[in-house]
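Please look through the sequence and the structure shown below.

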Amino acid sequence: MAKYLLLKHYRSAPAPVNNVPMDQWTPEEISAHVQYMNDFAARLEKTGEFVDGQALAPEGSWVRYDGEGRPPVTDGPFAETKDLIAGWMVIDVDSHERAVELAGELSAAPGKDGKPIHEWLEVRPFLAAKPSTTECTFK
């Protein structure tokens with residue numbers, strides 16, 4: 001078994017087919033979307049393929065070390081993760097092909113007017129082993 005991270009993006013992925021922002025959905029459409037996600041996770045729990053998943057709140061901060069006793073909070077010159085990542089799911093599956101198959105299913109969650117979003121999901125494998133110190137050099 002191998003673990004994969006399925007990332008749901010707000011803005012950095014190609015536009016989905018049903019590209020209507022969630023703030024323009026009705027409460028019923030939001031409920032249907034959340035129910036689809038919960039049902040999907042419950043089905044994967046039964047097969048032993050679900051590890052964890054969460055939607056992320058829009059609030060967040062970048063934090064970095066800036067000297068002894070001073071961990072400042074900064075937004076920096078970087079794209080804000082809160083603007084990019086909407087949520088994530090970790091799955092534990094037999095193959096990359098299975099991870100892609102499940103990501104395809106998840107991308108069909110309903111959106112505006114109950115139509116599938118067909119959003120792009122990022123599928124990233126977890127490292128199988130800790131990298132050696134020679135593999136973790138930055139240039």
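This is a predicted model: local features need pLDDT of at least 70, side-chain atom pairs count only at pLDDT 80 or more; totals for chains, interfaces and linings use all residues.

Residues are numbered from 1 along each chain as its sequence is written, and side-chain values use heavy atoms, with hydrogens and water left out. Helices (H or I, at least four residues) and strands (E, at least two) are DSSP runs, numbered from the N terminus.

An open sheet is formed by 4 strands in the order S2-S5-S1-S6, with antiparallel pairing; two strands pair if DSSP finds at least two bridges between them. S2 and S6 stand at the edges, and because each has a single partner strand, one side of each is left without a neighbour in the sheet. From one strand to the next, the twist averages 15°. The antiparallel pairing of S1 with S6 runs over 5 bridges, and leucine 121 in S6 is the bridge partner of lysine 8.

Two helices pack on this sheet. H1 touches S1, S2 and S5, and its direction makes about 20° with that of S5. H3 touches S1, S5 and S6, and its direction makes about 140° with that of S5. Here contact means heavy atoms within 4.5 Å; axes are lines fitted to C-alpha atoms, for helices over the stretch in contact, and angles run from 0 to 180 degrees between N-to-C directions.

Helix H1 comprises 21 residues, 27–47, and reaches 31 Å from its first C-alpha to its last, close to the 30 Å expected; the expected span is 1.5 Å times one less than the number of residues. Which residues of H1 are buried? They are Glu29, His33, Met37, Phe40, Ala41 and Leu44, where buried means under 20% relative accessible area, exposed over 50%, and partly exposed in between (1.4 Å probe, protein chains only). On the face of H1 turned away from its buried side are the exposed residues Pro27, Glu28, Glu45 and Lys46. Just after H1, glycine 48 takes a positive phi of about 80°.

The largest nonpolar core has 16 residues, of which Leu44, Met89, Ile91 and Leu106 touch the most other members. Such a core is a set of buried Ala, Val, Leu, Ile, Met, Phe, Trp, Tyr and Cys residues joined through side-chain atoms within 4.5 Å. S1, H1, S5 and H3 are the elements that give two or more residues to this core. Isoleucine 91 has contacts that include Leu6, Leu44, Val51, Ala99 and Leu102.

The last stop is the loop between H3 and strand S6 (121–125), where serine 107 lies. Serine 107 counts as buried because its relative accessibility is 11%, and its contacts include Ile117, His118, Glu119 and Leu121. Aspartate 113 is in the loop between H3 and S6 and counts as exposed at 54% relative accessibility. Histidine 118 also has its place there and is partly exposed, with a relative accessible area of 40%. Most residues other than glycine have a negative phi. Aspartate 113, however, has a positive phi of about 60°, and histidine 118 has one of about 55°.

Methods. Lists of a residue's contacts leave out its neighbours within four places in sequence.
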